[in-house]
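I opened a new notebook page for this structure. My plan was to look things up one at a time and write each answer down.

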Amino acid sequence: MLPALDHAGDTIRALQTANVLLSYLRYYLLPHDPNYTEWGTRVVLNGTSSDTLPGGSQVSLDFVDLRVVVCQPNGDEVTISLHGHTQRSLFAAILAELRKNELADVLTGNGDLVEQMIAALAVKKPSIAEKHDEITGTEPLHIDLEAARAYNAALYSIFTGIARFKASRVNGKTTPAVVFGEHFDLSTLIFPDAEATEQAAHINIGFAPYSTGIDFPYLYAYAYPMKPSYTPPTVPAAAYWHTAGWTGIVLPYTAIAPQTQPEQYVERMCDAFYTALLPLLG
């Protein structure tokens, strides 16, 4: 069984605030991927990670011990506690460590490191120069340790179930299952045909902590593009056909948490969603 997340919303949003910093670092340092996976962080046992960056550094967000760990190419590690930080001050602390190697050619002046990074990001994405509130928040990060650990257990278990489904069922191209910075959702695309870009026919399976119009965590799946006319598929018990804002299948986390074998349950549900959605692809 998995822990309940009924009162974890504020903590999840604070974790998202920290995770998006790793997302922007990946966006700046990695080449563009047709499916935008440069914006996605890797799921690891205790949270999320930037994965190894081009210069050999790695930044990890540890949900279990409420810290960021910056690992340098030589193996040296620095731990930054999330306690007492705002998003902006946490970003500055991470940048101070990356300035030693990964971003040595970018953060060269003596001024504010966050402002220097914004200027560098704006070269790649000009709108960041005027709008950068996603990475410069000044509210203290309020994170409950028990809630953070509960969300970590939920995320890693669901990630495992999705990965097992992909390994046993999918015979085609897919994207890695990553956590995107903007919505903090775990997401993977599955392509039944040869083309593997976001514009090609695909099925998206993922897990979101919340979204517009849905204020609870849920497993989801949808097909893109869909046929102009179709009959909504029959979905497994506890799941339902969602049509407000986007069209697809939603399974509330409250149906996953009580399962005695949640990874197997998620694997089975993903298989059922995939089977139901394939005939709907346009």
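Where does Phe 184 lie? I found Phe 184 in the loop between strand E7 (178-180) and strand E8 (186-191). Helices (H or I, at least four residues) and strands (E, at least two) are DSSP runs, numbered from the N terminus.

Ground rules next. This is a predicted model, in which local features need pLDDT of at least 70 and side-chain atom pairs count only at pLDDT 80 or more, while totals for chains, interfaces and linings use all residues. Residues are numbered from 1 along each chain as its sequence is written, and side-chain values use heavy atoms, with hydrogens and water left out.

I noted the background first. Most residues other than glycine have a negative phi, and most peptide bonds are trans. I then looked up the exceptions.

Phe 184 has a positive phi, near 60 degrees. Is Phe 184 buried or exposed? Its relative accessible area is 2%, so Phe 184 is buried. Buried means under 20% relative accessible area, exposed means over 50%, and partly exposed lies in between (1.4 Å probe, protein chains only).

Leu 66 is not a glycine, yet its phi is positive, about 50 degrees. I located Leu 66 in the loop between E3 and strand E4 (67-71). Leu 66 counts as buried, at 2% relative accessibility.

Which residues does a cis peptide bond join? I found Tyr 224 and Pro 225, with omega about -15 degrees. Pro 225 is in the loop between strand E10 (218-224) and strand E11 (240-242).

Ala 200 and Tyr 224 are 24 residues apart in sequence, but 7.9 Å apart in space, C-alpha to C-alpha. Ala 200 sits in the loop between E8 and strand E9 (202-208). Ala 200 is buried at 8% relative accessibility. Leaving out residues up to four places away in sequence, Ala 200 touches Phe 191, Glu 195 and Tyr 224. Contact means heavy atoms within 4.5 Å.

I moved on to Asp 62, in strand E3 (residues 58-62). Asp 62 is buried, with a relative accessible area of 6%. What does Asp 62 touch, not counting residues up to four places away in sequence? I wrote down Asn 46 and Arg 67.

I took H2 next. H2 has 12 residues and spans 16 Å from first C-alpha to last, close to the 16 Å expected at 1.5 Å a residue. The expected span is 1.5 Å times one less than the number of residues in the helix. Gln 87, Leu 90, Phe 91, Ile 94, Leu 95, Glu 97 and Leu 98 are buried in H2. They cover an arc of only 155 degrees around the axis, which puts them on the same side of H2. The arc is that of the directions from the helix axis to the C-beta atoms. The cover over these buried residues includes H1, E3, E4, strand E5 (77-81) and H3.

How do H2 and H3 cross? The axes of helix H2 (residues 87-98) and helix H3 (residues 113-124) come within 9 Å and cross at roughly 80 degrees. Axes are lines fitted to C-alpha atoms, for helices over the stretch in contact, and angles run from 0 to 180 degrees between N-to-C directions. H2 and H3 are therefore roughly perpendicular, a label for angles of 65 to 115 degrees. On the H2 side, the contact is made by Arg 88, Phe 91, Ala 92, Leu 95 and Ala 96. Leu 113, Val 114, Glu 115 and Met 117 make it from H3.

Ala 119 is in helix H3 too. I found Ala 119 partly exposed, at 45% relative accessible area.

Which residues have the most contacts inside the largest nonpolar core? They are Ile 94 and Leu 219, in a core of 86 residues. Helix H1 (residues 9-29) gives the largest share, 11 residues. A nonpolar core is a set of buried Ala, Val, Leu, Ile, Met, Phe, Trp, Tyr and Cys residues joined through side-chain atoms within 4.5 Å.

Leu 219 touches several residues, including Val 266, Met 269, Cys 270 and Phe 273. Helix H6 (residues 262-277) has 16 residues.

Conventions: Parallel < 35°, antiparallel > 145°, perpendicular 65-115°, else oblique.
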